[in-house]
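Me: I would like to learn how to read the local features of a protein model. Can we take them one at a time?

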Amino acid sequence: MNFAIEVTAEANPLSKQTLYHVLQSSTSNDQQQIKTGTQQLQNWETTVGFYSSLQSVYVDYTIPVELRYLAILQLKNGIDKYWRKTAPNAIKKEERESIRSQLISSGIMEPDPRLALQISIVIGKITRFEYPHEWPDAISSTLRELSSALSAGNSVRLSRAFLILLHIIKVLASAKLLRHRTSLQSVAPDIIESLSSIYVEKVNTWINLLRNGDDEERGTVESIDQSLLALRILRRLLVAGYEFPNRHQEVKDVWSMLASQSGEILALLHEESASIQSNSRSLIEKHLFQISKLHLNMIKVHPAAFPLLPDSMNIAKAWWSLARQFGDTMGSQTFLVNSNSGLNGEPDAEDRTSALEKLSLSALTLIRGCLKMVYNPMQTFKYQRAEDKEEKKIAQERVKNDLLTGLFAQEVMESLVTRFLVLTPRDLKQWEEDPEEWERTQESSGEDWDISIRTCSEKLFLDLIINYKELLIQPLIHVFRAAAATDLQNTDVLLKDSIYCAVGLAAPTLDRYSEFDIGYFLDHTLVEEIQIGRPGYNILRRRIAVLLGHWLPIREGLNRALVYQIFQHLLSKEDLSNDLAVRIAAGKQLKHIIDPFEFTAEPFMPYASAIFDRLMALIVEVEQIETKRELLNTINVIVLKMEQQIVPYTDQIISLLIPLWDQAAEEPLMQQSILGILCSVATSMQADSRRYHPILIPLIRSSIDTSSEMRSSYLSEDGLELLSIVLMQTPSEAVSSDIISLVQYVLPLVDIRSGKKTLEIIELYIYLIPAEILSNVGIVLAPLVSLLRSARREGTGTATSLVEILIRQADSIGGMAAVTELAQSLLSSNWLSVTLAGLRKAFLAHQTSGPNRTTSAIDGVVETDYLNVLARLAVASPPLFITALDATTYGDDEAQGTLSQKLDWLLTEWFSHIDSIGHPVHKKLHCLALTSLLETAQPWILGRLQSLMTVWTDVINELVIDSSLQEGVVEKRDCLVYTDPDASKPEGPESPADLRTRLLEFRDPVHQIDVRSFVRDKLAITIESCGGMEAFQREWVQSVDEDVVKGFGALGII
């Protein structure tokens, strides 16, 4: 018994006896045995013969059922992992053949229904992989077994054969590969021929038994179950087994037979309702569900085929007639007025969804499918022949003329408005028991429209209004006016709620009709109805909030102040008619009221304080996190739309949010919403937000602290956004130690997530506290070097830009000493090594050509980023640049070379790349850097005088302009040189961060140095170092191309 436990899992050899003990251990009540057995089964997964051994266990009927069940589950899981030929540790071909040979027979003979189901699923999974090539007789063998069981009268074997065939067809019908579709289509006619006759026989059998009152017999349930299995197979074959189902006679025959049977089954359920047992009734109802599914699948997959199949339009009308019967029961409920709870439904109203409701939902969905087929047909790239196009045209005309007539559209709309959109007793009961959950289900996104009869009704109503607006709008307006003009003492609020719902849904269409005056209705009807406090009017209050949420975003010129007053009233808990569902709906819909473009803060301000108080109290009151977040989103929208006019209310908002943050300590999604509001508040307040920094900084620290992985994953992005706002609004003279301390939490996020935002924050810190950053520059450079190694354009560009700013800040704050110290950090952090290694690879790649040409590891943009940093160093101090270059190692030792060799290939690559630089600022920076190297008077730069003159000519011609306004007077100047630091100052408020950026940019050498003067001065120093003009021309200029010299001379620099 304990064999599998006493021996180490890895030491157990695979045998049937050992496998039996391991399975026994895995199903025991002892946790240690379960752990050991499970581990051993995992170890055997890749062992040859394991899955065939599992099969030998589950086909052995002497073994306990629970062990056999575990064996088949292990086999099923193994098929997913290892049956595919290309899978790692795939099951060997011989073992697959062995398993396959016993599958169908074991499934047919299995006495336990649970195991039979799992075996059928296994057969279906293997069919997906191996049919029709490796297992061509999978379907034919199953059909033979089915025929044999039918002939022998073996009901169990017949059910098993149906079950196996169902899962085979189910897999092939859902497969996407062409071979599966083709294979299914090739066998579909034969299967349908065999199954349809069996299905009819079984249905007739149980119908006769039920009419004779023999529901107690076991054979009745078996016959119903078998006919249901056959119907499930037929449904899939009719839809997936044909490309054009309407062109095949066998499909038409089955279609007609099922249409007639559905009516017979409905009549049977109605006539024999009392005598049919619940089990039998459930199975019979499933027949109707399958037939309705067939019609829905057909209109969805083959929209052009559905109308062309026999009697399809009458089928659709019959389903609609059934839905109308259900709608009559929905809309004719008797509601009693209760002084305590408002409107209640019948006390015995069922909570479960009835069969009639499910069938009615299918009917509404079918009508939607017909509307889509006519007015919004599915587009396809598949080639359509003339015959296909003609069929589609005929099908659309048939649906238009025989089903979707004007009278039918009016009938459907009337039923939807007066029946299906009316709240049911179940709705009212759920509202009363759990208003928050009920409200959540009512405000769904609409993605579940095909599983909710109300949501489906709303979608169908919209389809009708859009496509039949000229016909339906006037009746809708008439019904609405009648409801709006009804005596306010009328307690039939359910119908009024339904009509208001329709008017809200149709708002985009109704807005085009001038005769519909929503403004008048708001001023004279809604404002009075919202004040009625009788029981049951909470329904109408909630609907009015939703109605206004539909109309305010699209209709201009409404009395918005009155609307704000209405929502202030609806959010009041003191009014007992404003139950939780009403207040939640008002809180959610207020977002749609505030969000439109025409919103202005002034009319809203008298109500803002009360609304904020009531919204925050509601957030505390509700329990579901999603509801809290939606209400917080409403507050966020208000803050954003009010902009700076939110300032009088910020103390109130902050005082409400901070306790909520503490309460949501274990709910990061809630805290995420709170951070979003705080970001909006800080953005709207601008400089005034600094007084909240002591409150905000602890929240930021908590959000971006990577020690809490879960909180950091949810909150870091919003925390960083809030931090960036704080940094932008903080003056340099007002930096606190708390703000500085946050740097240590920001740097680890560079390599984790939110990389772009993190780099933006590092840049803000470099501008804000440059001295502190430079004194600890090593920890800043470490994550930036990682980005540099990736050579990705988006990360590299930002990282190199940050280093450029660091060099400029160092030069501005500490001069040469600070730049030297920074250069040393660039060396020690391997920044320069990575840079030179990338440039070296680019150089080597550019030396190749033809078939043997290699591609550079860095693209042109990244190469420019690399050279920008070197150019900054060279402009700051040419000797420092040369020293740093000499000390930098890259690649292997053989590639290092001497300083002259390094400079030789680097300058070659630099000069060849400079033409690829498009940005004038960058091009001037590189020109200044290369020119500054002239003062060394070394051959490695003087020998490139022709390249230098070409760069000078290009840059000076591009940047130097005539700034004189007098005719005949020439006054040349560098257009990138700034003379007034306030020239680029914005007209409006300027944040401290923008001020720091503007001032540092003004001090940039690119904007302080005149390129003509710089070239003239450096060239003069070089000429003097070479022994004068004559010697300079003799030794260096004479090797320069005459046209290059002439072009440079035309600049008039020398």
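Reply: Start with contact, which means heavy atoms within 4.5 Å. The model here is predicted. In it, His-180 touches Thr-127, Arg-128, Tyr-131, Leu-172 and Ala-175, with residues up to four places away in sequence not counted.

Me: Where does His-180 lie, and is it buried or exposed?

Reply: Buried means under 20% relative accessible area. His-180 has a relative accessible area of 2%, so it is buried. It lies in helix H10, residues 178-211. One polar atom of the His-180 side chain is 2.7 Å from the backbone oxygen of Arg-128.

Me: Tyr-131 was among those contacts. What kind of peptide bond joins Tyr-131 and Pro-132?

Reply: A cis peptide bond, with omega at about 5 degrees. Pro-132 is in the loop between helix H7 (113-130) and helix H8 (138-152).

Me: How is a pair of aromatic rings described?

Reply: By the distance of the centres and the angle of the planes. This structure holds 21 aromatic pairs. One of them is formed by Phe-50 and Tyr-51, which are edge-to-face, with 5.0 Å from centre to centre and 65 degrees between the planes. Phe-50 and Tyr-51 are both buried.

Me: Why is the pair of Trp-320 and Phe-420 called tilted?

Reply: Planes under 30 degrees apart count as stacked, over 60 as edge-to-face, and the rest as tilted. The planes of Trp-320 and Phe-420 are at 35 degrees and the ring centres are 6.3 Å apart, so this pair is tilted. It links distant parts of the chain: Trp-320 belongs to helix H14 (residues 312-331) and Phe-420 to helix H17 (residues 406-420), 100 residues apart. Both Trp-320 and Phe-420 are buried.

Me: Which residues do ring pairs link into a cluster?

Reply: Phe-480, Tyr-500, Phe-516, Phe-521 and Trp-551. Tyr-500 is also touched by Ile-544, whose other contacts are Leu-526, Glu-529 and Ile-530, again leaving out residues up to four places away in sequence. Ile-544 is in helix H25, residues 537-551. With a relative accessible area of 0%, Ile-544 is buried. For a distance along the chain, take Ile-544 and Glu-470: they are 74 residues apart, and their C-alpha atoms are separated by 26 Å.

Me: Which charged end sits over the ring of Phe-244?

Reply: That of Arg-247, at 3.7 Å from the ring centre. In another case, Arg-114 lies over the face of Tyr-69, 5.1 Å from the centre of the ring.

Me: Now backbone angles. Which value of phi does Asp-311 have?

Reply: A positive one, about 60 degrees, although Asp-311 is not a glycine. Asp-311 lies in the loop between helix H13 (278-301) and H14. Its relative accessible area is 47%, so Asp-311 is partly exposed. Gln-686, also a residue other than glycine, has a positive phi near 55 degrees. The loop that holds Gln-686 is between helix H31 (668-685) and helix H32 (693-704). At 29% relative accessibility, Gln-686 is partly exposed.

Me: Which residues of helix H42 are buried, and what do they pack against?

Reply: In helix H42, residues 878-887, the buried residues are Pro-878, Leu-880, Phe-881, Ile-882, Ala-884 and Leu-885. They pack against helix H39 (793-828), helix H40 (831-846), helix H41 (860-876), helix H43 (899-913), helix H44 (920-932) and helix H45 (939-942).

Me: Last, the record. Which feature does UniProt place at residues 37-109?

Reply: The unreviewed UniProt entry places "domain: Importin N-terminal" there. In the model, residues 37-109 are 71% helix and 0% strand, with the end C-alpha atoms 29 Å apart.

Terms used. Residues are numbered from 1 along each chain as its sequence is written. This is a predicted model: local features need pLDDT of at least 70, side-chain atom pairs count only at pLDDT 80 or more; totals for chains, interfaces and linings use all residues. Side-chain values use heavy atoms; hydrogens and water are left out. Rings of Phe, Tyr and Trp (its six-membered ring) pair if their centres lie within 6.5 Å; planes under 30 degrees apart count as stacked, over 60 as edge-to-face and the rest as tilted. Buried means under 20% relative accessible area, exposed over 50%, partly exposed in between (1.4 Å probe, protein chains only). Helices (H or I, at least four residues) and strands (E, at least two) are DSSP runs, numbered from the N terminus. A charge sits over a ring if NZ of Lys or CZ of Arg is within 6 Å of the ring centre and within 35 degrees of the ring normal. UniProt positions are given in the numbering used here, feature names are shortened, and annotations may be inferred rather than shown by experiment. A polar contact is a pair of N or O atoms within 3.5 Å; within protein, one must be able to donate a hydrogen and the other to accept it, and residues adjacent in sequence count only if both atoms are side-chain atoms.
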